[in-house]
Amino acid sequence: MTKFPELHRREFEQFLETFSKAGSLKFRSNKWIGLTREGKPFTVHVKHGTTRQYSPRLVAAVAKDLSVTFEEFQVWYTR
């Protein structure tokens, strides 16, 4: 299994913006809400005020929900 890296808050935000439908991403009540590239809704819950880094496990789960392959992620991450 390929390993996703840990992302800082701003990197995670950029990851969601890049791989979700343009203009659909919103942060409300401690959760990210948006649409996948296919138009399906998704939600990512975050811990209020204390989440500054997102674990590789969470990044992998969100990538799977957004239908992002590890190769796509690597291209985006190493840009």
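Helices (DSSP runs of H or I, at least four residues) and strands (runs of E, at least two residues) are numbered from the N terminus. The structure described here is a predicted model, in which local features need pLDDT of at least 70 and side-chain atom pairs count only at pLDDT 80 or more, whereas totals for chains, interfaces and linings use all residues. Residues are numbered from 1 along each chain as its sequence is written, and side-chain values use heavy atoms, with hydrogens and water left out.

**Salt bridges**

A salt bridge is a side-chain nitrogen of Lys or Arg within 4 Å of a carboxyl oxygen of Asp or Glu. By this rule the model contains three salt bridges, listed below.

| Salt bridge | Closest N and O atoms |
|---|---|
| E13 and R9 | 3.5 Å |
| R10 and E13 | 2.6 Å |
| R37 and E72 | 3.0 Å |

R37 lies in the loop between β3 (31-35) and β4, while E72 belongs to helix α3, so this pair ties together parts that are 35 residues apart in sequence. The remaining bridges belong to a network that links R9, R10 and E13. Within helix α1, E13 and R9 are four residues apart and are therefore separated by about one helical turn. R10 and E13 also both lie in α1, three residues apart, which is about one turn of the helix.

How accessible are these charged residues? Buried means under 20% relative accessible area, exposed means over 50%, and partly exposed lies in between (1.4 Å probe, protein chains only). E13 counts as buried because its relative accessibility is 15%. R9, at 47%, counts as partly exposed, and R10, at 42%, is likewise partly exposed.

**Aromatic pairs**

A pair of aromatic rings is described by the distance of the centres and the angle of the planes. Rings of Phe, Tyr and Trp (its six-membered ring) pair if their centres lie within 6.5 Å; planes under 30 degrees apart count as stacked, over 60 as edge-to-face and the rest as tilted. A search of the whole structure finds 12 aromatic pairs. One of them joins F19 and W76 in an edge-to-face arrangement, with 6.3 Å from centre to centre and 70° between the planes. Because F19 lies in helix α1 and W76 in helix α3, the pair ties together parts that are 57 residues apart in sequence. Both of these residues, F19 and W76, are buried. Ring pairs also link a cluster made up of F4, F12, F15, F19, Y54, F70, F73, W76 and Y77.

**Helix α2**

Which residues of helix α2 (residues 56-65) are buried? They are V59, V62 and A63. These residues cover an arc of only 105° around the axis, which puts them on the same side of α2; the arc is that of the directions from the helix axis to the C-beta atoms. On the other side of α2, R57, K64 and D65 are exposed. The buried residues of α2 pack (contact means heavy atoms within 4.5 Å) against β1 (7-8), α1 (9-19), β4 (41-45), β5 (53-54) and α3 (70-77). After α2 comes S67, which has a positive phi near 60°.
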